Amino acid sequence: MKDTEDAVVFGSGYLANTGIIPALTGKTDAIFVDELAHACIWAGAKLAGAALFTFRHNDLDHLASLLAATRGQARHALIVTDGVFSMDGDLAPIAGLAALADAHGAWLMTDDAHGIGVLNAGHGSAYGEAVPLQMGTLSKAVGAYGGYLCASRVVCDLIRNRARSFVYTTGLPPGVVAASIASLDLIASEPDYCAQPLRKARLFTEALGLPAAQSPIVPLILGAAEAALAAQAQLEAHGFLVAAIRPPTVPEGTARLRFTFTAAHEEADISRLAGLVRPMVAVPA
Ligand SMILES: Cc1ncc(COP(=O)(O)O)c(C=O)c1O
């Protein structure tokens with residue numbers, strides 16, 4: 001599915017990121033992380049003890065300038081980003097990141113938690129790009145539990161021997177692994193089904209005149225935490241479970257509703273939802 005030689009399965013995506021990043025980098029190295037990357041990428045980067053640089057969200061120029069200024073002082077460099085951003089639903093510019101990684105002799109790792117099973121016929125956000133370290137989770141579209149790294153054989157062997165969150169914790173129960181395998185088989189054999197969540201998210205954004213969804217995650221930024229909670233309660237009263245996301249998960253002043261679409265959502269429900277949400281969408285001045 002990922003076109004890599006090998007894969008390692010962890011107990012969860014969080015355990016994967018907190019194991020992989022410190023196994024590959026240490027005190028003499030540098031890590032470059034998108035400012036909106038998932039919390040477990042930050043946890044892994046902090047555990048590594050490497051010099052840590054934050055680049056502005058999806059800003060290739062900023063990353064290029066950080067690499068130009070600092071790459072020379074580090075032995076190894078690792079660039080890490082979400083492939084699909086978990087709270088914004090937008091995509092990382094993976095081709096541009098891969099080109100920068102290549103130009104500066106850095107590794108690139110993408111977290112495909114929200115891409116596998118739903119983007120590029122289920123292959124995920126990094127499919128077809130030069131990404132040597134493709135991490136992800138089995139807990140979203142795969143519908144089970146667990147984390148993974150797809151990479152070369154030599155990297156996977158190193159991770160099996162060095163990643164503390166792989167070596168020193170119990171592996172997944174067989175039933176969970178079986179569920180993941182069954183789900184991956186479905187993903188591999190049903191590309192049209194995999195395309196449905198994005199198609200449904202786009203029906204929703206189109207109905208509201210919002211920019212076309214890039215993934216099945218669609219945020220509606222409301223600003224204050226109270227506004228997001230009130231909107232969540234209002235939608236719940238109409239039978240829609242939409243999470244209000246607040247700081248510190250998202251930056252101060254950007255509390256939001258986070259809509260996530262699945263293949264099972266009915267088109268009639270999506271238009272009913274759009275009708276309820278329409279008054280919440282700010283009208284441009
Ligand atoms: C982008 C991203 N990476 C990693 C994780 C963690 O994965 P897991 O839930 O399997 O620990 C999540 C969410 O849970 C996520 O959204």
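Visitor: Which residues are linked in a network of salt bridges?

Guide: Side chains of opposite charge can pair when their charged atoms come close. A salt bridge here is a side-chain nitrogen of Lys or Arg within 4 Å of a carboxyl oxygen of Asp or Glu, and a network of such bridges links Asp6, Asp157 and Arg160. By this rule the count comes to eight salt bridges. The model is a predicted one, in which local features need pLDDT of at least 70 and side-chain atom pairs count only at pLDDT 80 or more, while totals for chains, interfaces and linings use all residues. Residues are numbered from 1 along each chain as its sequence is written, and side-chain values use heavy atoms, with hydrogens and water left out.

Visitor: With which residue does Arg256 form a salt bridge, and is Arg256 buried or exposed?

Guide: The partner of Arg256 is Asp88, with the closest N and O atoms 3.0 Å apart. Arg256 belongs to strand E10 (residues 255-260) and Asp88 to the loop between E4 and H4, so the pair ties together parts that are 168 residues apart in sequence. (Helices, H or I with at least four residues, and strands, E with at least two, are DSSP runs numbered from the N terminus.) Arg256, at 2% relative accessibility, counts as buried, whereas Asp88, at 24%, counts as partly exposed; buried means under 20% relative accessible area, exposed over 50%, and partly exposed in between, with a 1.4 Å probe and protein chains only.

Visitor: Where do Asp269 and Arg272 lie?

Guide: Both lie in helix H10, three residues apart, about one turn of the helix, and their side chains meet in a salt bridge (4.0 Å, N to O). Asp269 is partly exposed at 32% relative accessible area, and Arg272 is partly exposed at 42%.

Visitor: At what angle do helix H8 and helix H10 pack?

Guide: Two packed helices are described by the angle between their axes and the distance between the axes. Helix H8 (residues 191-208) and helix H10 (residues 267-277) pack at about 35 degrees, their axes lying 9 Å apart; axes are lines fitted to C-alpha atoms, for helices over the stretch in contact, and angles run from 0 to 180 degrees between N-to-C directions.
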